[in-house]
Amino acid sequence: DLASSEAAPEAKTADKPETDAKAQAFKLDIDSVKIDNASVSYKDESRGTQIAISQLNLQTGHIADKTPTTLELSAKVDGVKPRVALSMGLKGGMTMDLEARKLAFTQLTASLAGNLQDGATQFSDLDLKLDADDLQLDSDAMRVAARKLALTAKGKSASNTFDVKADLATLDLDGKTSRVSVEGLAAGGSAAAEGVQLSRFS
């Protein structure tokens, strides 16, 4: 009886624990990703927003859950509302924990340079650089933790100029409590308005 023989497997499938189904629901395993000189654009006519990403380059190693890999990214971003003309770069080791919704970087180097204007906020000749031995992002806990962090920021804001450098042994940002914890801070730099130096610190 064909109908009878097909009924048994359906009953067994229904009896499987829900946890088994969840365990098999999603598995991330990608050999590698490579994108060369790609372009992406976005336009919102109702708000007048236009964003264009060009010279997009991305290269990774093997991508899998809880597996260390490498990441290298570079791109140019131009836009209207906000008005931006920026170049960005990111390079380092990366490990994802999908279940815990955590992302960890090692030997991370990130850069951002160019011009940005959004309402009253205006930056020109911006040059930001970030280096970190270890950087961890926890989306559920809304937390950022870093170790051996170095930050440099140069540029102009309206008629003011700034040149700042900071080194931190550890940094802990808690988004839920708005708490910032810093250890081993060493900072220096200067700021000026309309060609007049306002301050210098170290």
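Gln107 lies in strand 7. The model described here is predicted. Phi of Gln107 is near 45 degrees, a positive value in a residue other than glycine. The residue is exposed, because its relative accessible area of 54% exceeds the 50% cut-off.

Asn37 also has a positive phi, near 50 degrees, and is not a glycine. This residue belongs to strand 2, which covers residues 34–44. Asn37 counts as exposed, at 54% relative accessibility. A further backbone feature is a cis peptide bond from Lys81 to Pro82, with omega near 0 degrees. Pro82 sits in the loop between strand 5 (69–80) and strand 6.

Strand 7 also contributes to a pocket. Strand 6 (83–97), strand 7 (102–118), strand 8 (121–138) and strand 9 (143–157) each supply at least two residues of the lining of the second largest pocket. The volume of this pocket is about 220 Å³. Its lining comprises 13 residues. Lys102, Leu103, Gln136, Leu137 and Asp138 lie nearest the centre. By class, the lining holds 6 nonpolar, 2 polar and 5 charged residues.

A nonpolar patch was found on the surface. Leu173, Val180, Val182 and Leu185 make up this patch, which has an area of about 340 Å². Val180 is part of strand 11 (residues 179–183). With 54% relative accessibility, Val180 counts as exposed.

Note on methods
Residues numbered from 1 in each chain as written. Predicted model: local features only at pLDDT ≥ 70, side-chain atom pairs only at ≥ 80, totals over all residues. Heavy atoms only, no water. 1 Å grid on protein atoms, 1.4 Å probe; cavity = no way out; pocket = protein on both sides within 12 Å on 5 of 7 lines; lining within 4 Å. Points joined across faces, edges and corners; volume = space filled by probe spheres on them. Helix = DSSP H or I, 4+ residues; strand = E, 2+ residues; numbered from the N terminus. Nonpolar A, V, L, I, M, F, W, Y, C, P; charged D, E, K, R; others polar. Patch = residues over 30% accessible without salt bridge, like charges linked within 9 Å, V, L, I, M, F, W, Y side chains within 5 Å. Areas by Shrake-Rupley, 256 points an atom, 1.4 Å probe, with all protein chains shown as cover. Salt bridge = Lys/Arg side-chain N within 4 Å of Asp/Glu carboxyl O. Buried < 20%, exposed > 50% of the residue type's maximum accessible area, 1.4 Å probe, protein only.
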